[in-house]
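Please read the numbered points with the sequence and the model in view.

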Amino acid sequence: VLTSLPSMITEVNITMGFPLSSTPVYSFIDHILVMQKKLAKQSGRRENKFYYKDVLAILNHQYIRVIHKDELTGYIREIHDKNRIYLDKSWFRDKGLLEKIFIKTKNIDQLSDYLVFILLEVVKALSFDNETRNKLEKEYIYFILTRLRKLGEIFQEYSTGKSIEVFSGLFRKIISSIRIPFEGEPLGGIQIMGILETRLLDFKNLIFLSMNEGIMPKSHSFSSYVPNNLRYAFNLPTREDHDAIYAYYFFRLLQRAQKVDLLYNSKTEGVGTGEKSRYLFQLLYSRKFNVTFKSIGFNIAERNPVPISINKTPEVIKILEKFYVAGNPYLS
């Protein structure tokens with residue numbers, strides 16, 4: 001949703017936390033840690049040499065593509081054309097940010113400082129066309145930076161288990177549980193929120209995404225030892241009660257809205273049926289709402305292949321003759 005917002009929208013308020021492990025900066029640091037782990041195991045002739053898959057993973061990352069957009073295609077083409085398996089440290093000389101990224105760190109303390117330094121350099125050089133995108137990326141990087149610095153301080157204080165594998169594992173474990181709480185202006189701009197954040201709020205214009213059965217309402221399973229028959233017998237909360245709560249949230253939100261767009265995906269894939277939510281059916285068959293339905297899709301049909309046929313004219317035979325003359329048989 002965030003990357004699809006039009007550039008004309010300048011004010012955005014997000015009430016939902018965004019997982020830090022799903023951000024581009026996390027994948028960027030992850031690629032670098034994978035590269036450093038391999039470097040730590042290398043010795044002899046391959047010391048300070050970078051495996052081409054690790055190099056390409058970093059070169060193809062969106063941050064590097066934005067920063068080195070003019071020269072990057074040439075770098076990647078050279079690796080492929082010359083069939084380079086290992087790239088020496090000297091190959092990255094005078095290549096700006098890449099020269100600072102492709103170095104071998106000697107210990108955990110140096111690794112922590114190195115990652116912080118790289119991210120600060122990325123912040124300086126990074127510039128997307130969309131101002132909202134710039135703000136989001138810098139927010140992501142800020143959260144990663146604070147965690148990296150904290151992790152570096154912990155490793156400095158405790159000297160046990162100081163290996164890149166331990167550092168990388170702890171880093172992934174910490175990041176996987178962090179969500180970024182965006183802060184915005186709740187009284188202006190577009191409001192992006194989950195269904196639970198809409199309680200006691202009224203809006204004139206509403207856009208619901210993913211109005212598919214199983215998503216709205218979400219298929220719910222109780223993490224409980226109490227089976228459903230006992231729940232019914234002793235008037236405990238059941239699935240029907242859970243669905244009724246979400247039905248209340250949905251229809252209460254429509255109460256004072258003037259224009260509502262409800263979107264669902266009709267594509268059938270895997271176990272997903274592409275079925276409309278039960279709430280959509282209730283609206284379609286209700287006389288209280290003025291509902292218009294639009295089906296938006298791409299009609300992609302398979303084309304019949306056009307046969308390739310060449311008439312064997314004397315001119316064509318003459319061209320073919322040079323391939324099978326005696327002593328010069330090239331035709332296979």
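1. Contact here means heavy atoms within 4.5 Å. The model under discussion is predicted.

2. With neighbours within four places in sequence left aside, E11 is in contact with G188, G189 and I190. Its relative accessibility is 45%, so E11 counts as partly exposed. Between E11 and I58 there are 47 residues of separation in sequence, and their C-alpha atoms are 32 Å apart in space.

3. The largest nonpolar core deserves attention next. In soluble globular proteins, nonpolar side chains tend to be buried together. The largest core in this model has 57 residues, of which F28, I101 and I144 touch the most other members. At least two residues of this core come from each of α1, α2 (52-59), α3 (62-67), α4 (72-81), α5 (97-101), α6, α7 and α8. The greatest contribution is that of α7, with 9 residues.

4. What does F28 contact, leaving aside its neighbours within four places in sequence? The partners of F28 are I58, H61, Y63, I64, I101, I118, L119 and V122.

5. Helix packing may be examined through α1 and α8. Helix α1 (residues 24-41) packs against helix α8 (residues 164-176) at about 165 degrees, and their axes are 10 Å apart. Angles over 145 degrees count as roughly antiparallel, and α1 and α8 are therefore roughly antiparallel to each other. Their crossing is left-handed. On the α1 side the contact includes Y26, I29, D30 and L33, and on the α8 side it includes I164, E165, F167 and F171. Sorted by class, this contact of α1 with α8 has 9 nonpolar, 2 polar and 5 charged residues.

6. A further helix pair is α6 and α7. The axes of helix α6 (residues 108-125) and helix α7 (residues 131-157) come within 9 Å, crossing at roughly 165 degrees. These helices, α6 and α7, are therefore roughly antiparallel to each other, and the crossing of α6 and α7 is left-handed. Residues of α6 including I108, L115, L119 and V123 meet a set in α7 that includes K138, I141, I144 and L148. By class, the contact of α6 with α7 has 12 nonpolar, 3 polar and 3 charged residues.

Definitions and conventions:
Residues are numbered from 1 along each chain as its sequence is written. This is a predicted model: local features need pLDDT of at least 70, side-chain atom pairs count only at pLDDT 80 or more; totals for chains, interfaces and linings use all residues. Side-chain values use heavy atoms; hydrogens and water are left out. Axes are lines fitted to C-alpha atoms, for helices over the stretch in contact, and angles run from 0 to 180 degrees between N-to-C directions. Helices (H or I, at least four residues) and strands (E, at least two) are DSSP runs, numbered from the N terminus. Angles under 35 degrees count as roughly parallel, over 145 as roughly antiparallel, 65 to 115 as roughly perpendicular and the rest as oblique. A crossing is left-handed if the near helix is turned anticlockwise from the far one by less than a right angle, and right-handed if clockwise. Ala, Val, Leu, Ile, Met, Phe, Trp, Tyr, Cys and Pro count as nonpolar, Asp, Glu, Lys and Arg as charged, and the others, Gly among them, as polar. Buried means under 20% relative accessible area, exposed over 50%, partly exposed in between (1.4 Å probe, protein chains only). A nonpolar core is a set of buried Ala, Val, Leu, Ile, Met, Phe, Trp, Tyr and Cys residues joined through side-chain atoms within 4.5 Å.
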